[in-house]
Amino acid sequence: MKTIKDIDIDGKRVFIRCDFNVPKDDDGNITDDRRIRGALQTIRYCLDRDCKVILASHYERPEPGKYEEKFSLKPVAQRLHTLLKLADNITLAKDVVGEDAKAKAKALSAGDVLVLENLRYEAGETKNDVEFAKELASMVDVYINDAFGACHRAHASIDAMARLFDKDTKAAGFLLNKEVTFFDKTLENPIRPFVAVVGGSKVSGKLEALRQLLDKVDKVIIGGGMAFTFLKAQGYEIGNSLVEDDLLDEARTVMIKARKKGVKFYLPVDVIVAPEFSENTPVKFVTFQEIPEGWMGLDIGPASSRLFREVLSDAQTILWNGPMGVYEMEKFAKGSIKMSHNIADTHATTIVGGGDTADVALRAGDVDEMTFVSTGGGASLNLLEGKTLPGIEALKA
Ligand code: AMP
């Protein structure tokens, strides 16, 4: 895969596929602009080389063909305007490949930036439609993909469009290259002990990643809702906690594989339980052997946090994916926040992957203490599963 530095872009029309799918509040204000900031390096690199820059991204899931205001990239364009300090040299097109976008693209001068509207306003985007990809490609000379968070989807701006360019006119941007290199390097040649911390709601979503990780890591820590499937698989009463009964055998197989490979496998030793899934409910701290019937475990307890801190103390590499509890509710966020602090306090190389997990690290104020926080949840999980990403394959093709 070539990176932007390997190809000639001077003075050219450059398309940069970004991931501007940022969270917004009810009033449409951007609440976390890390994904926009993450794209700045590539954009500035192009502007410094007198390029005419076209930026494109999806934003959430609009109904194709319907231009609803709430899915517009307007706030993103405004934030880019502030961050890039470009005065009048940045504009937002009214459409994606329509008259307005094409006219504005044609009128671009060196150092100008045009932001296309939400790619998913066009039905062709999610269908990986070649005709739509050709329309996008007709506006530029060079294709750059800097949208790691979208690389696991074979959509037109990620897959079909990249395939329309030859090897000298397409490349990965700085952000995409950094993400991929970090995961590759860490997984191929980690400094040991290498500890994986896996949490989140379900075993099913992370089973393949877990299986793959067992071949690579020295220790695994399991937290979050998925821990209960493992506890039940060992015969413990888990009350009304989240469980995937159809995966009990799989869970046992994973634990047996870990034992055979000498991988230390840690589950929570205590949990915070509640009679209902709500912020306004009474809670109890109990050991994992004493979850009352009818109650559900919604966070790891303080003893687990201390145990996991011990487990992490000699780690040299830590990979963290998935919160330890229902961190969205204040009452059940402590286990995840403490895990973030515990990881940040080590001297290990620390990699945080996944939107929720990055969110926890942000809330805990630990982002600057982590070695690397990945912007893409699904994409980083696919890399852990050993899968190739369509976006990367298309760049290599
Ligand atoms: P995932 O998308 O699989 O990484 O899961 C993230 C979600 O898992 C978050 O929204 C958490 O609220 C949820 N979660 C974590 N722990 C639990 C739990 N004990 N019970 C139910 N949901 C949980």
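**Ligand, cavities, pockets**

I started with the ligand and found it in the second largest pocket. A reminder to myself: this is a predicted model.

Next I asked which residues come nearest to the ligand. There are 14 residues around it, and Ser201, Lys206, Gly225, Gly297 and Glu328 come nearest. I sorted that shell by class and got five nonpolar, six polar and three charged residues.

Glu328 has a polar side-chain atom 2.4 Å from an oxygen atom of the ligand. For Lys206, I noted a side-chain N or O atom at 2.9 Å from a ligand oxygen. Gly297 uses its backbone instead: an N or O atom there lies 3.0 Å from a nitrogen atom of the ligand. How much of the ligand does the protein bury? On its own the ligand exposes 510 Å², and 78% of that gets buried by the protein.

I searched the whole structure for cavities of 30 Å³ or more and got two.

I listed its lining as Cys18, Asp19, Phe20, Arg35, Ala39, Asp146, Gly149, Leu175 and Thr375. Those divide into four nonpolar, two polar and three charged.

**The largest pocket**

Last stop: the largest pocket, at about 670 Å³. It is lined by 27 residues, and I wrote down the closest to its centre as Arg34, Arg35, Val373, Ser374 and Thr375. Arg35 and Thr375 were already in my notes, from the lining of the second largest cavity.

Which elements give two or more residues to the lining of this pocket? I found helix H1 (34-48), helix H6 (174-188), helix H12 (355-363) and strand E15 (372-373). H1 has the largest share, with six residues. The class count for this lining came to 11 nonpolar, seven polar and nine charged.

Notes:
Residues are numbered from 1 along each chain as its sequence is written. This is a predicted model: local features need pLDDT of at least 70, side-chain atom pairs count only at pLDDT 80 or more; totals for chains, interfaces and linings use all residues. Side-chain values use heavy atoms; hydrogens and water are left out. A residue is near a molecule or strand if one of its heavy atoms lies within 4 Å of it. A polar contact is a pair of N or O atoms within 3.5 Å; within protein, one must be able to donate a hydrogen and the other to accept it, and residues adjacent in sequence count only if both atoms are side-chain atoms. Accessible areas come from the Shrake-Rupley method with a 1.4 Å probe; for residues, only the protein chains shown count as cover. On a 1 Å grid over the protein atoms alone, a cavity is a set of points where a 1.4 Å probe fits but cannot get out, and a pocket is an open set with protein on both sides within 12 Å along at least five of seven lines; lining residues have an atom within 4 Å of a point. A molecule sits in a cavity or pocket if more than half of its atoms lie within 2 Å of its grid points. Ala, Val, Leu, Ile, Met, Phe, Trp, Tyr, Cys and Pro count as nonpolar, Asp, Glu, Lys and Arg as charged, and the others, Gly among them, as polar. Grid points are joined across faces, edges and corners, and a volume is the space filled by probe spheres set on the points. Helices (H or I, at least four residues) and strands (E, at least two) are DSSP runs, numbered from the N terminus.
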